[in-house]
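Notebook open, structure loaded. I'm jotting down what I look up as I go.

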Amino acid sequence: MANEPIFNHNPIVRSGAAQESELLDKLFRILFKVINEIPPSAEKETSNALFRARKLTTDASLRAAAISGALALPPGPLGWLTIVPDLAAIWRLQAQMVADIGALFGKEGKLTEESMIYCLFRHAAAQIVRDLVTRMGERLVVQRVSLRMTQRVLEGIGIKVFQRVARRGVWRLLPIIGALGVAAYAYYDTEEVGQTAIDFFSKDLEVK
């Protein structure tokens with residue numbers, strides 16, 4: 001995915017205010033960068049993969065909560081300015097966690113862009129990512145898709161994230177309590193990503 005798409009043709013982007021359009025564009029670009037730059041892992045395959053993966057998930061969830069909580073501390077408009085840096089940091093942390101879990105199960109070669117999208121967003125956007133991975137008994141089949149299809153999937157995810165941010169944005173207007181709410185959600189979200197990755201990489205995988 002070397003070339004990033006132009007999202008101004010999306011009707012949701014066109015109909016929003018300039019600030020919303022700018023935020024959406026930033027979200028799309030960050031998503032493409034995270035998915036396109038799958039991080040390497042220092043983890044090694046182990047027979048104790050499940051235990052180690054669960055520990056990695058808990059550690060990453062705690063780090064995510066600390067990052068999001070700290071970035072949400074500035075009150076009022078300053079808190080809103082941290083939304084994009086917050087999401088970028090959390091997605092990168094989660095992507096590293098997914099790569100590490102894949103390595104623990106000896107499935108580094110199965111970690112495609114489609115696999116990363118599935119692990120990161122299945123819990124929050126199941127309908128959008130459903131065509132990327134097909135379950136056949138105990139085996140999961142990862143479908144390689146075109147660049148345009150990948151763009152459409154990430155556009156859908158970006159819009160869903162934007163809607164979630166808009167709904168939960170009031171947290172950032174509440175000093176301390178808001179930061180705790182943001183931190184709690186980051187912890188939950190990262191736990192869900194970790195569990196999806198564990199379920200995914202513990203299965204027999206086929207990439208088509």
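Which residue takes a positive phi in the hairpin of E1 and E2? I checked, keeping in mind that this is a predicted model: Gly137 does, with phi near 70°. The hairpin has 2 residues between its strands.

Next I looked at the pairing itself. E1 (residues 133-136) and E2 (residues 139-142) run antiparallel and are joined by 4 bridges. I noted Met136 with Arg139 of E2 as its bridge partner. On to E3 (residues 204-207): E2 pairs with this strand in the parallel sense, again over 4 bridges. Here Leu140 stands opposite Leu205 of E3.

Then helix H6 (residues 113-121). I count it as largely enclosed by the rest of the structure, because 9 of its 9 residues are buried. Glu113 and Glu114 are among the buried ones, and so are Ser115 and Tyr118.

What does H6 meet in H9? I found Ser115, Tyr118, Cys119 and Leu120 of H6 against Val193, Thr196, Ala197, Phe200 and Phe201 of H9. The residues of this contact split into 7 nonpolar, 2 polar and no charged.

Last entry, Thr57 in helix H3 (residues 49-71). Buried or exposed? Its relative accessibility is 3%, so I put Thr57 down as buried. Leaving out residues up to four places away in sequence, I have Thr57 touching Met97, Ile101, Thr190, Glu191, Gly194 and Ile198.

Definitions and conventions. Residues numbered from 1 in each chain as written. Predicted model: local features only at pLDDT ≥ 70, side-chain atom pairs only at ≥ 80, totals over all residues. Heavy atoms only, no water. Buried < 20%, exposed > 50% of the residue type's maximum accessible area, 1.4 Å probe, protein only. Contact = heavy atoms within 4.5 Å. Nonpolar A, V, L, I, M, F, W, Y, C, P; charged D, E, K, R; others polar. Pairing = 2+ DSSP bridges.
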